[in-house]
Amino acid sequence: MVRDEERNTMRILLQLVSTIALIATILPSIMFLTDSLDLAQTKLWMLIATIVWFIATPLWMGQPSELEHEEVVI
Amino acid sequence: MADDQSQPTEEYEREPVPQRALLGFKNFIGMYAGEHCAGTELMIGPLFVAAGVSAYDVVVGLLLGNALAVLSWMLLTAPIAVRARLTLYYQLEKICGRNLVTLYNLANGVMFCFLAGSMITVSATALGVWFDFPMPGLNDVYPNSIGWVLAVLAVGTAISIVAAYGYEMVSRIANIAAPWMVLVFLAFGLVGLKEFIAINDMQINSLSDLWHLAQSSIWKGGEPLEGQVKFTFWHVTFFAWFCNMAMHIGMSDLSVFRFARHSWYGISTAAGMYVGHFMAWLSASVLYALQLHNDPASTDVLPGPLAYKACGIAGLICVIIAGWTTANPTIYRAGLAFQAIVPNKSRFAVTLFTGAIATVAGMFPAIAMQLLGFVALYGLLLMPMGAVVFADFWLFPRFGLQPYYAERNGLSFNWAAGLTWFITLGICLALVKSDIEINGIQPFQIWFVALPGWFIATALYIFLSKIYQQRSP
């Protein structure tokens, strides 16, 4: 039961990281559009966001969530 | 352009989908939004610019054309899908007989090979950024350097081997990459837009300023580039409507919507159309327009370098993934289509062979560079069978004709359906070749001819079936 809760917490954290990575993928280009960032910085931040997205997302996307698991069990 | 990657796990290939297996609306939204951001979008957007589109033509044309595509899914495909709940292939087999379906599979498989070839071409342009070999130009037909051939060979071989082993892994990567890829496509447009603003030293304070920039610098209209056909509002509209014709009017997506609870789920295709076939096309076209603006002599449509200049390595990764994840299932499905023709050969061997054909096709840049025409031809080729399914399902009972004629009479080749397919294609291609011009307009160009073609096919199938069903025992 405790392990399930830990897993759920981890899943939520990973989803949060993915969401931030997704925002960080588009934000640099918006900041470039509004003159808040130069192109080199835009490319760098997009690359960092890309790396974070592809590390964090496979850890939860496509994996069965505890909620789904419980529904099936019940 | 796209290929579905998120099929439900149980396929129900030779039975109607049961009530318990039906899927909710969100499944369809996710599937269509993800699958229509493909590698080919990075070719199509720039090719619009090469075809000399104006801002009004491309923006309003895409809005209208995509709406017509969504309506086609909603009103033609989904209503039959939720009533019959069969795959296209099984439904065609009931109507046309096994041998005619095999012929359909062959046509589908060949077109899939060429389509996958163009996706391999897109991915290979990303390698050109790293290895700096000469890449093909807009009007090149044949491969123009050893480096290019080797790059396509490397990409094509890798994709084919993965496809031969089954594409579950790539399908998973595609699902993971989809939301990120959509945003990178959007970033292409935003970066390109900012570059245009800077070059023109403009201030954008309102939508009318933005529209002025779009008209005067990005999509200026005028003559197309050498070797390209001029695209007007109607070309853009019909292209957007018919580029997935095989899926909606051609009824391929019966296999998808047989899992839908209601036919109005067809509206979920709007997610794919307005993300992939509106935003992504416009974004990619902005990058190419910028390239032309900076150097009018630089007409090459090379997604790799375009993406790299705009978004650096993230852009390159996007090009590779977009090409890879869509070429893979396309080769896999082409392999399945061919395997139906030679069932004694292993799927592994057939898929490798299919991948080899796609790779060789990818070496010839003519397919990718003439993608606007090729996509129209692809839809046209499969459209008559969609008309056959439509007429068989809705119109046959009204005309006193037997639906599912091949199944009911044990036929392996329904000649009424076969002749409908061949004659319709013959008439359409003859109209295209005729170059008929009415008041300076050519109404039977490859992008338009499928519309009268659908009515011809529907009428022809009813007429031929009247004769065929009376003569048959």
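User: At what angle do helix α4 and helix α5 of chain B pack, and how far apart are their axes?

Analyst: Before the angle, some housekeeping: this is a predicted model, where local features need pLDDT of at least 70, side-chain atom pairs count only at pLDDT 80 or more, and totals for chains, interfaces and linings use all residues. Residues are numbered from 1 along each chain as its sequence is written, with chains lettered from A and ligands numbered from 1 in the order in which they are written. Helices (H or I, at least four residues) and strands (E, at least two) are DSSP runs, numbered from the N terminus. Axes are lines fitted to C-alpha atoms, for helices over the stretch in contact, and angles run from 0 to 180 degrees between N-to-C directions. Here α4 (residues 88-96) and α5 (residues 98-131) of chain B pack at about 135°, with axes 7 Å apart.

User: What do you call the arrangement of α4(B) and α5(B)?

Analyst: Angles under 35 degrees count as roughly parallel, over 145 as roughly antiparallel, 65 to 115 as roughly perpendicular and the rest as oblique. α4(B) and α5(B) are therefore oblique to each other. For handedness, a crossing is left-handed if the near helix is turned anticlockwise from the far one by less than a right angle, and right-handed if clockwise; α4(B) crosses α5(B) in the right-handed sense.

User: Which residues make the contact of α4(B) with α5(B)?

Analyst: Two residues are in contact if their C-beta atoms, placed from the backbone, lie within 7 Å. From α4(B) come Tyr89(B), Leu92(B), Glu93(B) and Cys96(B), and from α5(B) come Arg98(B), Leu100(B), Val101(B) and Tyr104(B). For classes, Ala, Val, Leu, Ile, Met, Phe, Trp, Tyr, Cys and Pro count as nonpolar, Asp, Glu, Lys and Arg as charged, and the others, Gly among them, as polar. That gives six nonpolar, no polar and two charged residues in this contact.

User: Now another pair: at what angle do α1 and α11 of chain B pack?

Analyst: α1 (residues 25-35) and α11 (residues 269-294) of chain B pack at about 25°, with their axes 7 Å apart. They are therefore roughly parallel, and their crossing is right-handed. Among the residues making the contact are Ile29(B) and Tyr32(B) of α1(B), and Gly272(B) and Val275(B) of α11(B).

User: How many residues of chain B are in contact with chain A?

Analyst: 18 residues of chain B meet 17 residues of chain A. On the chain B side, α7 (168-199) and α12 (303-339) each give two or more residues, and α7(B) gives the most, with 13. That side has 14 nonpolar, two polar and two charged residues. As for chain A, it has three helices and zero strands.

User: Is Thr458(B) buried or exposed?

Analyst: A residue is buried if 20 or more other C-beta atoms lie within 10 Å of its own, exposed if 12 or fewer, and partly exposed in between, with C-beta atoms placed from the backbone. Thr458(B) has 20 such neighbours, so Thr458(B) counts as buried. Thr458(B) sits in α18 (residues 450-471) of chain B and touches Ala387(B), Phe390(B) and Ala391(B), leaving aside residues up to four places away in sequence.

User: Where in chain B does pLDDT stay under 50?

Analyst: pLDDT is the predictor's confidence in each residue, from 0 to 100. Where it is low, the predicted coordinates should not be read in detail. Residues 2-9 of chain B stay under 50, while chain B averages 91, with 97% of its residues at 70 or above.
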